[in-house]
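Hi,

Here is the structure I promised to pass on. Please have a look at it first, and then read on for what turned up.

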Amino acid sequence: MSELHSALDALASDDLHSLTDGQVLDRTAFLVQLVNRASAELTRTVRRADVMQAAERDGLKSMRSWLIGHARLSQAEASRIVRSGRVLERFPVLAAGFVSGDITAAQVNVVAEKIGAGEVARAEEQGIDLGAFDRVWAQVAAESPRTSRWPPRCRPSTTPSTLMARSRIRPRGVG
């Protein structure tokens, strides 16, 4: 971890006024990807702590409360991180895009706000392969401008059943 701190210290010591406009834009793009990757690692770590109930070590009942009390995150931000960690376990392609830095925390949150354990269970009951949705959502997120808006046919608020009815995606075993 000290290597990461040293790298950030080196970045902070750069004279931004000596950079050309192209260099500043390249640096900005690099830092955006770095922040995305760091957000993915935080989300992954918080999910592991959530699963192992690590917050109980400090007398707290949840990672959400730990993030609020110890990391001083807002309630909304703590909820977003915990919720995103839970959904990323079920959507490995989306998770891989987040880890690579190509997908933002906000884009992951668009899925996480709409697809919880209940929606996953209903999809499984109906024989819907969520892998197809995972691939589409990851592709749309990685290729779209950085926004929380999704094309209507791909937005996570569209339920798997509704999307299936409007597309060629079918439950397993249905032609």
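A definition to start: the expected span of a helix is 1.5 Å times one less than its number of residues, and helices here are DSSP runs (H or I, at least four residues), numbered from the N terminus. This is a predicted model, in which local features need pLDDT of at least 70 and side-chain atom pairs count only at pLDDT 80 or more, while totals for chains, interfaces and linings use all residues. Residues are numbered from 1 along each chain as its sequence is written, and side-chain values use heavy atoms, with hydrogens and water left out.

**Helix α2**

Helix α2 covers residues 21–51, and its 31 residues should span 45 Å; the C-alpha atoms at its ends are 45 Å apart, so the two values agree. Its buried residues (under 20% relative accessible area, 1.4 Å probe, protein chains only) are R27, N36, A40, T43, V46, R47, A49 and D50. These pack against α1 (2–13), α3 (63–69), α4 (75–88) and α5 (92–100), where contact means heavy atoms within 4.5 Å. After α2 comes Q53, with a positive phi near 55°.

**Aromatic rings**

Rings of Phe, Tyr and Trp (its six-membered ring) pair if their centres lie within 6.5 Å; planes under 30 degrees apart count as stacked, over 60 as edge-to-face and the rest as tilted. By this rule there are two aromatic pairs. F91 and W137 have ring centres 5.4 Å apart and planes at 65°, so they form an edge-to-face pair. F91 sits in the loop between α4 and α5, and W137 in helix α8 (residues 130–143), so this pair ties together parts that are 46 residues apart in sequence. Both residues, F91 and W137, are buried.

The other pair is F133 with W137: the centres are 5.7 Å apart and the planes at 45°, so it counts as tilted. Because F133 and W137 are four residues apart in helix α8, about one helical turn separates them. F133 is buried, like W137. Together, ring pairs link F91, F133 and W137 into a cluster.

**α4 against α6**

How do α4 and α6 pack, and at what angle? The angle between α4 and helix α6 (residues 105–114) is about 75°, and their axes are 9 Å apart; axes are lines fitted to C-alpha atoms over the stretch in contact, with angles from 0 to 180 degrees between N-to-C directions. That makes α4 roughly perpendicular to α6 (65 to 115 degrees). On the α4 side, the contact is made by R80, R83, S84, V87 and L88, and on the α6 side by A105, V108, N109, V111, A112 and E113.

Best wishes

Definitions and conventions:
Helices (H or I, at least four residues) and strands (E, at least two) are DSSP runs, numbered from the N terminus. Buried means under 20% relative accessible area, exposed over 50%, partly exposed in between (1.4 Å probe, protein chains only). Angles under 35 degrees count as roughly parallel, over 145 as roughly antiparallel, 65 to 115 as roughly perpendicular and the rest as oblique.
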